[in-house]
Amino acid sequence: MHIENEVKLDFKDVLIRPKRSTLSSRSNVDLIRPFTLRNSRVEYSGVPIIAANMDTTGTFEMAEALGKYDLSVALHKHYSEDEYVTYFNGLKRKSTAFYSMGITDNDLKKFKAVMERAPGAIEYLCIDVANGYTEIFVDFVSKIREEFPHLAIMAGNVVTGDMTEELILAGADIVKVGIGPGSVCTTRKMTGVGYPQLSAIIECADAAHGLGGLICSDGGCTRPGDIAKAFGGGADFVMLGGMLAGHNESGGEVIEKDGKVYRSFYGMSSKSAMDKYSGGVAKYRAAEGKTVYLEDRGPVADTVQEILGGVRSACTYVGARRLKELTKRTTFVRVTQQLNEVFGKS
């Protein structure tokens with residue numbers, strides 16, 4: 001047994017300290033980031049915000065809506081082979097949408113079939129497991145890199161620098177960072193395992209950047225300011241679930257109650273997800289997610305505008321003319337209170 005006594009931080013524990021700025025308007029901030037990915041050498045260019053590969057956010061409809069703003073989507077893995085093929089073959093322009101998969105034989109078989117039937121259409125791949133610390137996962141990433149050297153690979157999830165380095169050396173271009181911070185994830189409650197998200201970002205970004213790799217912060221953002229803090233802490237990409245759930249473009253069950261419309265949102269390790277896709281929760285495990293119903297939020301475009309506006313504003317407060325400058329100009333101040341909530345939460 002070992003105890004780390006150094007305090008680890010979450011988004012709620014800090015604010016970004018403002019700095020002198022020469023920017024005259026939020027409109028002067030450039031949120032587009034170009035990357036040449038380390039292992040695949042793929043040239044990425046876009047706003048590095050990604051809708052999570054949950055079936056209530058990682059939908060084809062969400063990909064179309066976010067693509068208009070140069071944002072990306074990690075498509076959920078439960079689309080059928082035919083649905084994936086139809087989608088990728090029907091694209092009229094180059095897409096940064098990620099094909100998502102697990103590491104089972106069936107996942108690999110379906111992926112290869114889609115690649116064969118939609119040649120050249122898929123450029124981005126998300127290899128996603130809850131626990132990225134197993135040897136079998138690292139070996140799988142290495143296998144996919146060897147077989148598909150041209151694909152941009154995002155892999156995770158992990159929260160420490162050592163595994164970030166191992167996954168990059170195994171072939172990942174982007175390492176997905178986060179265990180337990182999601183709004184519908186109960187891993188920390190069920191297992192006691194996790195890591196405060198901001199500290200995980202800082203530590204994993206340092207490890208990845210030392211090797212020329214990148215990281216994607218996955219989970220824990222509840223408002224635009226959290227996204228700015230993730231970028232300020234060194235995240236190259238930020239993945240969002242709950243902030244993009246409940247919209248017209250989101251998946252999930254739709255119900256009406258007391259004259260209002262609600263949409264379901266659940267973790268992919270929840271009982272709801274496992275009942276839907278796996279015939280229930282296996283006897284050797286417990287569910288590690290929950291289901292909530294969100295009041296319908298309409299088109300995602302309004303939320304995207306809030307997100308982009310908030311991040312642009314954060315950049316103006318520290319004088320970052322481009323998003324890539326935000327982390328260099330970020331100083332975090334530890335706080336005991338974030339918001340004045342005398343009139344309630346907002």
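UniProt, in an unreviewed entry, lists G180 and G182 under "binding site". Its positions follow the numbering used here, its feature names are shortened, and its annotations may be inferred rather than shown by experiment. This is a predicted model: local features need pLDDT of at least 70, side-chain atom pairs count only at pLDDT 80 or more, and totals for chains, interfaces and linings use all residues. Residues are numbered from 1 along each chain as its sequence is written, and side-chain values use heavy atoms, with hydrogens and water left out.

**Annotated glycines**

- G180 is found in the loop between β9 (174-177) and α6 (187-191). Helices (H or I, at least four residues) and strands (E, at least two) are DSSP runs, numbered from the N terminus.
- G180 counts as buried because its relative accessibility is 14%. Buried means under 20% relative accessible area, exposed over 50%, and partly exposed in between (1.4 Å probe, protein chains only).
- Not counting residues up to four places away in sequence, G180 touches C185, T187 and R188. Contact means heavy atoms within 4.5 Å.
- G182 also sits in the loop between β9 and α6. At 26% relative accessibility, G182 is partly exposed.
- With neighbours within four places in sequence left aside, G182 contacts G219 and G220.

**The sheet**

- Eight strands form an open sheet with parallel pairing, in the order β5-β4-β11-β10-β9-β8-β7-β6. Two strands pair if DSSP finds at least two bridges between them.
- The edge strands are β5 (72-73) and β6, and each pairs on one side only.
- β10 (residues 214-218) and β11 (residues 237-240) run parallel and are joined by three bridges. C216 stands opposite F237 in β11.

- α4 (residues 135-147) has 13 residues. From first C-alpha to last, α4 reaches 18 Å, close to the 18 Å expected at 1.5 Å a residue. The expected span is 1.5 Å times one less than the number of residues.
- Buried residues in α4 are F137, V138, F140, V141, I144 and R145. Down the axis of α4 they fall within an arc of 160°, so they line one face of the helix. The arc is that of the directions from the helix axis to the C-beta atoms.
- The face of α4 turned away from the buried side carries the exposed residues E135, I136, D139 and E146.
- Cover for the buried residues of α4 includes β6 (98-101), α3 (105-117), β7 (124-128), β8 (152-158) and α5 (161-170).
- In α2 (residues 81-89), the buried residues are Y84, V85, Y87 and F88. They fall within an arc of 165° seen down the axis of α2, so they line one face of the helix.
- The buried residues of α2 pack against α1 (60-67), β6 and α3.

**S40**

- S40 lies in the loop between β2 (33-36) and β3 (43-46). S40 is buried, at 11% relative accessibility.
- Beyond neighbours within four places in sequence, S40 contacts R145, P149, H150, L151, A152 and D173.

**Backbone geometry**

- Most residues other than glycine have a negative phi, and most peptide bonds are trans.
- A cis peptide bond joins G156 and N157, with omega about 25°. N157 is in strand β8.
- D70, not a glycine, has a positive phi of about 70°. D70 lies in the loop between α1 and β5, and is partly exposed at 42% relative accessible area.
- D258, not a glycine, has a positive phi of about 55°. D258 lies in the loop between β12 (254-257) and β13 (260-266), and is exposed at 73%.
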